[in-house]
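Here's a quick walk through one protein model, written for someone who likes cut-offs spelled out. Have a look at the fold, then read on.

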Amino acid sequence: MALQEKLDRFKKQQEKCQSTLSSIAAKAGPSKATTTSKSTPVAASPVARPPPPAIKFSNDTERLQHINSIRKAPVGAQIKRVIDLLLETRQALTPEQINDACYVDINSNKAVFDSLRNNPKVSYDGRRFSYKSKHDVKDKSQLLVLIRKFPEGIAVIDLKDAYPTVMEDLQALKAAGQIWLLSNFDSQEDITYPNDPRVPIKVDDDVKQLFRDIELPHDMIVIEKDLQKNGMKPATNTAKRRAAAQIQGLSTKNKPKKKKHEISKRTKLTNAHLPELFKDLSGS
């Protein structure tokens, strides 16, 4: 009896569900209801296609939040983002391409547009933006021609952004003896100088001898003062260094060298199997 009651209850639930579905179909329209009620089975496709990948709403939300944070950033931050893109790609890009690549909407932000157009690192031809280096050189030969135009030297930092392989070309020119790479003690920056073999410099022997006969003072402070008198800035500051050493309790005098112990016959030898090491033993 309990089983029969359960079956009757199940049939009533089915009838209720069927009536609910019929009412929904009737509300949707007669055409859809007719199609639903008289639907014929369709032959299954021989090749089952996988369902399209579902778009995760959370990922799309994070992307939109990222784009929104970029466009609400200060003008300087957006300009830096665009300049970094232009430097990396080395291509002339339209505002639409820039927007697709780094999410900076130039067309919708007049402050960003005007700042980029007037930026010394950016070139604008009326339609596209591109990176503009300080010196317009494209390869190693043009780089050498440029360096030879600056016999007083040119800072390496002004050449770094000329083209992607400029640093490798500088090292190659240095290895070939065509340029010099020296450090500036004042700014701690590398300076490159031309080493043109077409302009050989020959120094007479008497000039060399005059240079060698100049006796320099033993104290670096005197040398630094003489340099300053002649309008030159010394690379070192001995007085400042000595004052700092005294504050730290360090002695500026050189420590006496330890006397080298000579090997004598009284010395205990551990390498007696190598007699050639002890030919100069003292007779004492």
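## Asn 119 and its contacts

Leaving out neighbours within four places in sequence, Asn 119 is in contact (heavy atoms within 4.5 Å) with Ile 79 and Ile 83. Asn 119 itself sits in the loop between H6 and strand S1 (122–124); helices here are DSSP runs of H or I with at least four residues, strands are runs of E with at least two, and both are numbered from the N terminus. With a relative accessibility of 18%, Asn 119 counts as buried. The cut-offs for that: buried is under 20% relative accessible area, exposed is over 50%, and partly exposed is in between, using a 1.4 Å probe and protein chains only.

Some housekeeping before going further. This is a predicted model, where local features need pLDDT of at least 70 and side-chain atom pairs count only at pLDDT 80 or more, while totals for chains, interfaces and linings use all residues. Residues are numbered from 1 along each chain as its sequence is written, and side-chain values use heavy atoms, with hydrogens and water left out.

## The overall count

The protein has eleven helices and five strands. Buried residues account for 20% of its 284 residues. Take the contacts between residues at least 6 apart in sequence: 46% of them join residues at least 24 apart.

An α-helix has 3.6 residues a turn, so residues three or four places apart point the same way.

How far apart are the end C-alpha atoms of H4? They are 21 Å apart, which agrees with the 21 Å that the 15 residues of H4 (residues 75–89) should span at 1.5 Å a residue. That expected span is 1.5 Å times one less than the number of residues.

## The cores

The largest nonpolar core has 17 residues, and those with the most contacts inside it are Val 82, Leu 86, Ile 98, Val 104, Ile 106, Leu 116 and Phe 129. A nonpolar core here is a set of buried Ala, Val, Leu, Ile, Met, Phe, Trp, Tyr and Cys residues joined through side-chain atoms within 4.5 Å. H4, helix H5 (95–102), helix H6 (110–117) and strand S2 (129–131) each supply at least two residues of this core. The largest share, five residues, comes from H4. Apart from this core lies another, of 15 residues, including Leu 144, Ile 154, Val 166 and Leu 173.

Leu 86 touches Gln 91, Leu 93, Val 122, Phe 129, Ser 130 and Tyr 131, not counting residues up to four places away in sequence. Ser 130, in strand S2, also has contacts with Ala 92, Lys 121 and Ser 123, among others. Ser 130 and Leu 93 are 37 residues apart in sequence, yet 6.4 Å apart in space, C-alpha to C-alpha.

Most residues other than glycine have a negative phi, and most peptide bonds are trans. Arg 90, which follows H4, has a positive phi near 55°. Arg 90 lies in the loop between H4 and H5 and is partly exposed, with a relative accessible area of 32%.

Just after H5, Tyr 103 takes a positive phi of about 65°. Tyr 103 is partly exposed too, at 24% relative accessibility. In H5 itself, Pro 95, Ile 98, Asn 99 and Cys 102 are buried, and they fall within an arc of 100° seen down the axis, so they line one face of the helix.

## Out at Lys 149

Is Lys 149 buried or exposed? Lys 149 is exposed, with a relative accessible area of 61%, and lies in the loop between helix H7 (140–148) and strand S3 (154–155). The C-alpha atoms of Lys 149 and Pro 194 are separated by 8.2 Å, with the two residues 45 apart along the chain.

How values were computed. Arc of directions from axis to C-beta.
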